[in-house]
Amino acid sequence: MTDSNSPVPQLTEEGGHGGKAQQKKQKKQKKSESWRPQEAKDRFAMLESLPEEEQQEIQRALHLFSLGQSLPRTLQEALRHTYRFWDSQPVPKLGGADGTHVGPITEPDGLVRREQYSLPPGFTWDTLDPTSLSVLEELCVLLSENYIEEDDNTLRRQFNPEYLKWVLMPPGWQAQWLCGLRVSTNQKLVGFISAAPTNLRIHDTERMVAQVNFLCVHRKLRQKRMSPVLIRELTRRVQQQGVSQAVYTAPVVLPTPLATCRFWNRPLSPRKLMDVDYPGLRLNTKLHLKLQRLPKLPKTPGLRPLTLEDIPGAMNLLHTHFLESGLSPTLLPQEAVHWLLPREDVMDSYVVEASDGTGLTDLVSFYTVSTRVLNHPVHSHLREARLLYCVTTATEPVDLVEDTLVLAKAKGLDLFSVLDVMGNSCFLEKLKFVPSKDYLHYYLYNWACPTIHPDKVGLLVPN
Ligand SMILES: CC(C)(COP(=O)(O)OP(=O)(O)OC[C@H]1O[C@@H](n2cnc3c(N)ncnc32)[C@H](O)[C@@H]1OP(=O)(O)O)[C@@H](O)C(=O)NCCC(=O)NCCS
C-alpha cells in the first residue's frame, strides 16, 4: 500500500523490483505463510482510509496519549527531566546559580559551520520565500494543521497569509532565517522554524538577537528528534550573520526560563464560548454570562485608531514605558510602523490624544488570531484578540483596557487574551479576566543573566 500524501518517505522494500522468479518466490512464500498475521502496513495510509469520524476518534486518542509523553510544564518536573539536546546547548543550566554570570555563555570563535546540517534520508532543507503567496499558503497549511491546539483536540489555530506576512517580515527579515523542511519526493512542507532580527534590551545590555518563532514539526514526524536538527540549522544560519544570541518563548519548561508569564482570558462573546466549552472560563450560569457584559461604547475622550503621523508620539510612549522593563525591544521608526500601524484583521492600535494638543498620552494595541472549532454543530471559528502594548500616562489602565474590550467586541472578536507582563496585572481581575492554565516561558540562547519578573517583561512575540 502506498501513500502519496504521507509526509514520511516510504522505505522501499529490499529487492522490491525483482523479476518473475522473485514474484514466484513471493507467491510461494505468501501461500506457505498465510497462517501468519498480516505484515505491518503503512499506518498513516490505513488511518487515512478510515471514515472521517473514526479518524478523528483515533487522532483524539493519539493526541491524549502523546500528551502523556510531553515535556515538563513545571520547574519541579523539569528538574527530574533529562534534556538530551538542550543540555548540549549554550543555555543556562536548570537549577544553576541565578545571576552570578552575566553575558554570553560561549564566545563566537569566528568559525561558523558552512554546510547545512544533514537530514535523515528523504528530507531536504528549503529556504522559504514569504513574498510568494503560494509559499505562505503552504506554511498556513502546515501551521494550521500542526501548530498548538487545545489539550482535548477541539480547538486548533488557523493561520492566514496576511498574519504570517506581518509576523515573519518585520524590517530586516531574511529569507535564510525562514527555514523549511520538505519531503524530497513530493516537496511537502513538514517542518518549519523562523527567526527575525530584533534589537533587544536585556537588563542594561543592548544586543541584536534573533527572535525565534514557529518551531513546528508535522504531527506524523513527532518524537523523531527533528526539532534539534531544525534548531541547529537555524542557529547556524543566524550565526552566519554574526548574531550569537536568540530570544524565544515556549509553553513548556526548557533549560532555563528567563521569565515565566501567565495568560489571562476575558470572554467577549460569552455565550459562544460557553457553547464550545472554551477551557478554563467560568461560564456555567446565566449570572456568569451577565457579569461579562460590557458598555456599548468606549468612554475615553480622544481615543482613536493610530495613524502613521502618530508613530513618533507612540515611540516616545513606548520608550518611557520600556525604561521600567528588564526585557524589551528597542524599536527603530520603521519597526514601530511595522508593529503598530493597524492592519485589517491582523492588528489594531489606538491612541489617546490630549485635548490641549500636547500630543499622545496613551497607546493600546492588540493582534488577532483565529481558531478553528473542530466537530461543533454550530460554531466553526473563534477569533481572539491578544494584547500587545498598553501604555498609559493619563488614562487609568483599567479604563483604557475596558474601552479596548469594547472596541474588540465591536470588531466581532470572541475572546481577549492578555499576558501578565508590564503592569497588566493591575486591571486583570477588575475587568473579569480569568487566569488560564497556560504559561509562557521566555528563554535566551547563549546569554546568562538574572531572571526577570513578569511585571518587567516588555517583549511580546506574536505567534
Ligand atoms: C514543538 C515540536 C516541534 C516538538 O517536536 P517533537 O517531535 O515533540 O520533538 P523532537 O523529537 O523533534 O525533539 C525533541 C527535542 O526538542 C525539544 N523541544 C520540544 N519542544 C520545544 C520547544 N517548543 N522549544 C524548544 N525545544 C523544544 C525537546 O526539549 C527535546 O530536546 P531535549 O532532548 O533536550 O529535551 C512539536 O511538538 C510541534 O510541532 N508542536 C506544535 C507546535 C508547537 O508547539 N511549537 C512550539 C511553540 S513554542
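This is a predicted model: local features need pLDDT of at least 70, side-chain atom pairs count only at pLDDT 80 or more; totals for chains, interfaces and linings use all residues.
View 1. A residue would need 20 or more to count as buried, and 12 or fewer to count as exposed. Asp277 sits in the loop that links helix H8 (270–275) to helix H9 (286–291). Its phi is near 60°. That is a positive value in a residue other than glycine.

**View 2. Asp345 in the loop between H11 and E10.** Asp345 is not a glycine, yet its phi is positive, at about 60°. The residue belongs to the loop between helix H11 (333–340) and strand E10 (347–353). Asp345 has 14 other C-beta atoms within 10 Å, so it is partly exposed.

**View 3. The cis peptide bond between Pro255 and Thr256.** Pro255 and Thr256 are joined by a cis peptide bond. Omega is about -15°. Thr256 is part of the loop between E6 and strand E7 (259–267).

View 4. Tyr445 lies in strand E14, which covers residues 434–445. Tyr445 and Gln245 are 200 residues apart in sequence. In space, their C-alpha atoms are 5.3 Å apart. Leaving out residues up to four places away in sequence, Tyr445 touches Pro90, Val91, Gln245 and Ala246. Tyr445 is partly exposed, because 19 other C-beta atoms lie within 10 Å. The cut-off for a buried residue is 20 or more.

View 5. H7 runs over residues 226–240 and has 15 residues. From first C-alpha to last it reaches 21 Å, close to the 21 Å expected at 1.5 Å a residue. Its buried residues are Met226, Val229, Leu230, Ile231, Leu234, Thr235, Arg237 and Val238. An α-helix has 3.6 residues a turn, so residues three or four places apart point the same way. The buried residues of H7 pack against strands E3 (178–183), E4, E5 (205–217) and E6 (246–250). After the helix comes Gly242, with a positive phi near 80°.

**View 6. The largest nonpolar core.** This core holds 99 residues. Leu139, Leu234 and Val457 touch the most other members. Strand E4 (residues 189–202) gives the largest share, eight residues. Domain 2 (72–250) and domain 3 (259–456) each contribute at least three residues. Nonpolar side chains tend to be buried together in soluble globular proteins. Leu139 is in contact with Leu128, Leu164, Leu189 and Phe192, setting aside its neighbours within four places in sequence. Leu234 is also one of the buried residues of H7.

**View 7. The shell around the ligand.** The ligand is surrounded by 21 residues. The closest are Tyr83, Arg84, Phe85, Arg222 and Ser227. E5 and H7 each supply at least two residues of this shell. By type, the shell divides into 14 nonpolar, three polar and four charged residues.

**View 8. The protein chain as a whole.** The protein chain has 463 residues, of which 32% count as buried. It contains 13 helices and 14 strands. Among contacts with a separation of 6 or more, 75% come from residues 24 or more positions apart.

Technical notes:
Residues are numbered from 1 along each chain as its sequence is written. A nonpolar core is a set of buried Ala, Val, Leu, Ile, Met, Phe, Trp, Tyr and Cys residues joined through C-beta atoms within 7 Å. Helices (H or I, at least four residues) and strands (E, at least two) are DSSP runs, numbered from the N terminus. Domain bounds come from an automatic or database domain assignment. Two residues are in contact if their C-beta atoms, placed from the backbone, lie within 7 Å. The expected span of a helix is 1.5 Å times one less than its number of residues. A residue is near a molecule or strand if its C-beta atom, placed from the backbone, lies within 6 Å of it. Ala, Val, Leu, Ile, Met, Phe, Trp, Tyr, Cys and Pro count as nonpolar, Asp, Glu, Lys and Arg as charged, and the others, Gly among them, as polar.
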